[in-house]
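Please look over the model below before reading on. My comments come as numbered points.

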Amino acid sequence: MRALALVLWMAGLAHAASYFAIVSGLGGEPEYEGQFKRWATDLEQALKANGPDCHIETLAGAAATRQNILEMLNRVAGQTRSDDSFALILIGHGTYDGTDYKFNVPGRDVTASDLASALNHIAGQRQLVVDATSASGAVLPVLAKADRIVVTATKSGTEKNATIFARYWIDALRNPAADSDKNGTISALEAFRYAEAKTAEYFKSEKLIATEHAMLSDTGSKEGVRDPKPENGQGMRAAAFALVRPPSQAKASNQGTQNLLTKKEELEAAIDKLKYQKAAMPPDEYKRQLSALLLQLARTQAEIDQ
Amino acid sequence: MNRWLTRARRASKAGGAAGVLLGGLTIILPNCYGAQVDDCRVLQHHGKQAQAQKCFASLTGSPDPFDRAMGYWGLHRYDQANEQFRAAYQGSRNQARTRTEWGLLFLERFNAGEAVNLFNDALEADPKYAPAYLGLARASAKTFDEKAVGFAKEAISRDPKLYAAYELLAFLALEDGNTEEAMKQAQQALSISSEALDAMSILASIDWLNDKPNSEWIDRILKVNPVYGEAYATGAHFFVINRRYEEGIDYYGKALALNPNLWDARSELGLNLLRVGQVARAKTELEQSYQGGYRNAETVNSLRVIDSLKNYQTIPVSRGVLVLNSKEAKLLQPYVAAELEKSVAIYERKYHMKLPGPVRLEVYPNHEDFIVRTLGLPGQGGLLGVTFGLVVAMDSPSAQAPGQLNWATTIRHEVNHVYVLTATHHRVPRWFAEGLAVHEESATEPEWGHRLTPDVVDAIRHKRLLPVMELERGFVRPHYPSQVVVSYYQAGKLCDYIAQKWGDAALLGMIQSFAAKKPTAAVLDENIHQSPESFDKGFISWLDQQTAKTIEHFDEWKKGMDAAHTALAAGKKDEAVRLASGVRDLYPEYVQGGSAYELLAGVYVDQGKKAEALANLELYRERGGRNVGSLRKLADLEKETGKPDKALDTLRKVNWIYPEDVEVHQKLGELEFQHGDAKAAIQEFQSVLFLQPSDTAQSHYDLARALFAAQRADEARDEVLLSLEAAPDFKPAQQLLLKLSK
């Protein structure tokens, strides 16, 4: 669900750049080494669909050392502007000893504190960290910040088994089914919901005890939630963070079309507003008003498409 | 679980020296140790309960911890009895008896593991102590373990006068359906003690099973002990294991009428009431049993299941009543109801009969809840469904990992039991009931039924198939771990053989003969004019023709497949193909994990050889392969290669195995839609929504367009609005809304 303010905010960011940093850590075993590298490659490939304004840097295998990771984050800090977006995605194994979270890389591991101080130097109000490692829930208290979206594969540092969340997160970027509002853009919230549901489904269908429970925090809360929604106040910022979006729409060629586009935006905003009022309305009245707005929107879109 | 098996205290009192005869009951008393205990037991044996209680109460004041333990036990004060046994265990006197009696206490109080440890401890103290062997026999008998017979015989070899061991042998023989042996052993017990109540209970049970309700034995029993309800409970047990549940319930009632404090009988009554669907009565009996201190796993778990029934919906359908868990009722109902209807129609036509009432089909998403229904019944290994008269209980597909259960074939199998049990008034041996049900599974759907698994191959190779006259024990008291599975396969093949050689009419005739209470030998003679021996000979020869190639080349096949998997793991795909192709047809029925079909298909897909992959997966499906991923791959290949009808058929079969898969319903719905079957497409798209897909906009839209095609415009409009509510800019849904608004 979108909030009107955020929709307008996104619209105003049409020319901002997107930066993605992908790090694939140590696998420990050949099976995991191969899997993590493959996931990193797949993720990079999926993000390339964003076009030339999207800057992607990947560190994998021997190159994914602590020093290289922190240097990469420093480089990003030097390049980004306040209206740019930045996402860091960590794939691999993590550990938590009760005090410190460590992302396992060749040589000295990267701690949650290392990441926090590097990320704090990156400008921009739109920052996303996806820590898809085991024990990643332990980073939430360290990385959570009011203007940062933090997604973890596990709910705490005590979920220590190797995770599969990353696999479904990557799937989300490639699968149109993840685009639940059908606007052509996969937001961080849509990707989270898709990956979280698919991960849960995997454990359920295999009759396995779930050893990971993904969390999201985008309000600065250090606990995160499994089911971000307006009722718990989580997910608004993630809904506005585009991970994959279609090529820029052609601008209106004439005033008539521009008027229709404006009308369309107004109708979308009215629908969003109505949906937020749903709980307080009689169902029949809600349905009547929604039907009318959706029909107007459909007619407007048909006119635009003509 | 039958209380008879824990009722061992009289039997274990042989302690050594002198024997006396009390009214025909031989009591072997030790010189002094524990003498009063036996006095109390004699009173108990004769049903003099008040006096027995007084006697046991007096024991609790004894300076000897063993006596105190026995006293508390007699008063049903189990914790205190346990404490006193522990104290007695520390002492040095007659440790074999102390440990055995303590073990029997554990056996009575639902801890067979600890009981076995104590019986073994007793044998360490005295390797010749017969009652300890008898204790081991009783513990084994609880789980239908065939070692029970060996332990009982060992007990007799140590003490030929231990009549309770003969009673147990009689009990075990009757469980195996061997009436003659049961009578012989019971008479043997009676020759030692004319007051052997349980021997008489076995003989009475034989009369009752043979429809002689006025058995002379019950009169003799009641003369010894006028409140010996255990005799009726024994009869009830045999009715139940012969699937005559209603009579079992009746006899448990008689047992309780004589002695309302038989808590184990009351628990069994509750369990069996639950089995036949009398939930309210079951709850009352089980709660009373629980309140009476009888809190074994069956009682507690059954009460828990009854409590969980509030989460179930009872849904009347055209040929029965479905009891489905609310969380999956909407998803399963259309599929399960359709299969139930189909199964009923098939058997109604085939067996020329109508059922006396609707079939009640209970589907449990929690395997443990289903298992509660089977506790205490023989042949439990790997059960997925069970039939009690008109009631069928089964696992839901969600209770098992994908591929473990084909729910449709389970219904076909269990509904067959409903018909055969009804037609024969439950007088049908297990081998024929199971065999016919397995036969009927594959009679209409060739890829159903039981496969020639490696366990079966092994049994055939080592000549472990049983003669038809002994096949019953393959179900009841398996000799090796996989024997129940092997027996299902064999029984199914026996019926296949009969149908093929003598026709379906012979099978129908056999049902009628069993209904007329004829034994297996007479049934074979009457319907196919074969002696059991010639029937067995002909069957083995017939089976050999079908399986000889696999049996002969099994080792070669195994070696080849191991090498193929090793090559594949090393990345040598061409080598893996060569090896797997070389041995695949030596064992064509192998469709379990790591099958040649799946290995080959996987490599061929990687190599872009779709036709070869398709050919292997089609064989995999036809031979009963159940791996959902492989079948989904097959459907994709069929669709990609221009065979949408085949893809449709494959996906329908996947639904029989795992209806919880969102993508399968999406694809199936789309194919049904393209095939022009809007009604079927609606069902599939509804299933998608019941499974709460992540893409709700697409799912509501899919359902909307199928409803629109079915000219259900109002419903289509509701669905398209739901789609657009989730995704207001979803163009296909917008276009459909415009169409619907014209």
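This is a predicted model: local features need pLDDT of at least 70, side-chain atom pairs count only at pLDDT 80 or more; totals for chains, interfaces and linings use all residues.

1. Start with strand β4 of chain B, residues 320–325. Six of its six residues are buried, so the strand is largely enclosed by the rest of the structure. Both faces are covered. B:Gly320, B:Leu322 and B:Leu324 lie on one side, with B:Val321, B:Val323 and B:Asn325 on the other.

2. β4(B) pairs with strand β3 of chain B, residues 312–317. The sense is antiparallel, over six bridges. B:Gln313 stands opposite B:Leu324.

3. The chain gets from β4(B) to β5(B) through helix α18, residues 326–351. Check the hand: this β-α-β crossover is left-handed.

4. Now the interface. Chain A puts 29 residues into the contact, and chain B 27 residues. The buried area is about 2300 Å², with 55% from carbon and sulfur atoms. On the side of chain A, A:Lys182, A:Lys207 and A:Leu294 lose the most area, together 24% of what that side buries.

5. Five salt bridges cross between chain A and chain B. One of them joins B:Lys731 to A:Asp305, at 3.3 Å from N to O. Six residue pairs are in polar contact across the interface. α7, α9 and α10 of chain A each supply at least two residues of the side that touches chain B. α10(A) gives the most, with 12 residues.

How values were computed: Residues are numbered from 1 along each chain as its sequence is written. Chains are lettered from A and ligands numbered from 1 in the order in which they are written. Side-chain values use heavy atoms; hydrogens and water are left out. Buried means under 20% relative accessible area, exposed over 50%, partly exposed in between (1.4 Å probe, protein chains only). Helices (H or I, at least four residues) and strands (E, at least two) are DSSP runs, numbered from the N terminus. Two strands pair if DSSP finds at least two bridges between them. A crossover is right-handed if, with the strands pointing away from the viewer, the path from the first strand over the helix to the second runs clockwise. Contact means heavy atoms within 4.5 Å. Buried area is the accessible area (1.4 Å probe) that two parts lose on being put together, summed over both. A salt bridge is a side-chain nitrogen of Lys or Arg within 4 Å of a carboxyl oxygen of Asp or Glu. A polar contact is a pair of N or O atoms within 3.5 Å; within protein, one must be able to donate a hydrogen and the other to accept it, and residues adjacent in sequence count only if both atoms are side-chain atoms.
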